[in-house]
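Here's a quick tour of the charges and cores in one protein model. Have the viewer open and follow along.

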Amino acid sequence: MKKILFVLFVVVVTLSSCDYDWPLDNNQYPQKVYIVGAHEKILYKSLDLSYDKDTVIMSLGVSGSLPLSQDVMATICQDSAAVMKYNDRELSAEGRHFNFLSNNIYSIPSKNITVKAGNATGRFDIYVNPKSLECDSMYMMGLRIKSTSAYDIAEADTTVLVRFSLANKYSGQYYMDGRIKNLSNPNDSLNYVMPRYLSAIDDGKTIRMFHYRNEWNDGTPKNQDYRSSYTFKIKVNDDNTLSFSTFDKFNIIAGGGVYHPDMKIYELWYEYVDPSTGDHWKTEGYLYEERKTSDELRIVKDWIEEQRSK
C-alpha cells in the first residue's frame, strides 16, 4: 500500500513541476471556413407565399475544437456553373431542369459575412419574392465561398446548392378519404382514397390539387401531363370556408366545404364534368395532412368517422 502511494506522489509531483501540454488545449483538427450544410450538397428551403418577401437564413462556419481567437470574414458569390453542372449530370434530358432566380426576384444584403471571435458560425440572409416564382417551375441557386480573411476554405464544403420551393400553411402532403359519384348515373361511383400533394399557389391561402390523377413527374410524356385538364384551386377564406376554381381547363362546376385548422383537415365537395366522357360527377370527402405516427393517424380516422356519422 505504501509503495502505491509513493508512486502516485511521484507522478503528481512530476506533472506539477513541469509545463505539461494538454492535448485539448490545441485544436484537434484544422480550422477551415465552410458553408453550413454544404456537406449535404443540396439545401431545401421553403418560401412562404404569405409574404411579399421571405427570408432564407444561411450560415458560414469555421471548424475546429476551440473557439475562434479572432474575427474571420468570408466573401460569398453565386456559382451558376454548379447549377448547370447539376442539371447536366443529375437530371434527364426529358425532365424539367432547375432555373436560376433572376436578379429582380432575390437579393443578398451582404455578401461579406463575419464569424466573430468566440463564435463558430456567422449568419447571412437571402431575400426572395415568392410570388414571382411559378408553381410548376424548379428553382436553384449555387453559392460559393470566394475568399476568407483567415484560414483555408474547406474544399469539400465550399459550394452549396439551394433548392427553393413554394409553401403556405395549407400546402403539403395530404391524403384523400372520399367518394366520387356519377350524377349522370347514380349507380356508378368509386372510392377516392389516394395521396394528394397540395401545392401552394397565388398567395398564402390558396393551394392547387390534382383530381384523381398522379402529379406530373419529370420525364413523363406530355400527353400524360394532367395539370391543365385535371387540376383546380382551393382557397381557404377568412372564415375557413372553401372556394373552388379551375387551374386551367378542369371544368369544375361548383364546390364548397370548410377547413378545420385544429385538425388540419379539408372537409370538401365539388362537382365537375369529366373531360374524357362528359359525365357530371361529384366528389365528397376529407383531405387530411400526413401524420407522423399511427396514433396520430388513428385520431384522424376516428374524427372522420365521427363526422360521417352525424
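Predicted model: local features only at pLDDT ≥ 70, side-chain atom pairs only at ≥ 80, totals over all residues.

At 45% relative accessibility, aspartate 295 counts as partly exposed (buried means under 20% relative accessible area, exposed over 50%, partly exposed in between, with a 1.4 Å probe and protein chains only). Helices (H or I, at least four residues) and strands (E, at least two) are DSSP runs numbered from the N terminus.

Residues are numbered from 1 along each chain as its sequence is written, and side-chain values use heavy atoms, with hydrogens and water left out.

## Bridges across the chain

How many salt bridges does a search of the whole structure find? The count is 16. One of them joins aspartate 136 to arginine 208, with the closest N and O atoms 2.7 Å apart. Aspartate 136 is in the loop between strand 7 and strand 8 and arginine 208 is in strand 13 (residues 206-210), so the pair ties together parts that are 72 residues apart in sequence. Aspartate 136 counts as buried at 19% relative accessibility, and arginine 208 counts as buried at 2%.

Next, lysine 264 and glutamate 289 meet through their side chains in a salt bridge (3.7 Å, N to O). This pair links distant parts of the chain, 25 residues apart: lysine 264 is in the loop between strand 16 (251-260) and strand 17, and glutamate 289 is in strand 18. Lysine 264 counts as partly exposed, at 38% relative accessibility. There's also a network of salt bridges linking Asp177, Lys301, Glu305 and Arg308.

Aspartate 274 lies in the loop between strand 17 (265-273) and strand 18 (280-289).

Leaving out residues up to four places away in sequence, aspartate 274 touches Tyr230, Asp279 and Trp281 (contact means heavy atoms within 4.5 Å).

The largest nonpolar core has 34 residues, and Met58, Leu101, Ile126, Leu143 and Phe164 touch the most other members. Such a core is a set of buried Ala, Val, Leu, Ile, Met, Phe, Trp, Tyr and Cys residues joined through side-chain atoms within 4.5 Å. Among the elements giving two or more residues to this core are strand 3 (54-62), strand 7 (121-128) and strand 8 (139-148). Apart from this core lies another, of 23 residues, including Tyr170, Ile207, Leu268 and Tyr272.

Isoleucine 126 has contacts that include Met58, Tyr106, Ile108, Met141 and Leu143, not counting residues up to four places away in sequence.

Technical notes: Salt bridge = Lys/Arg side-chain N within 4 Å of Asp/Glu carboxyl O.
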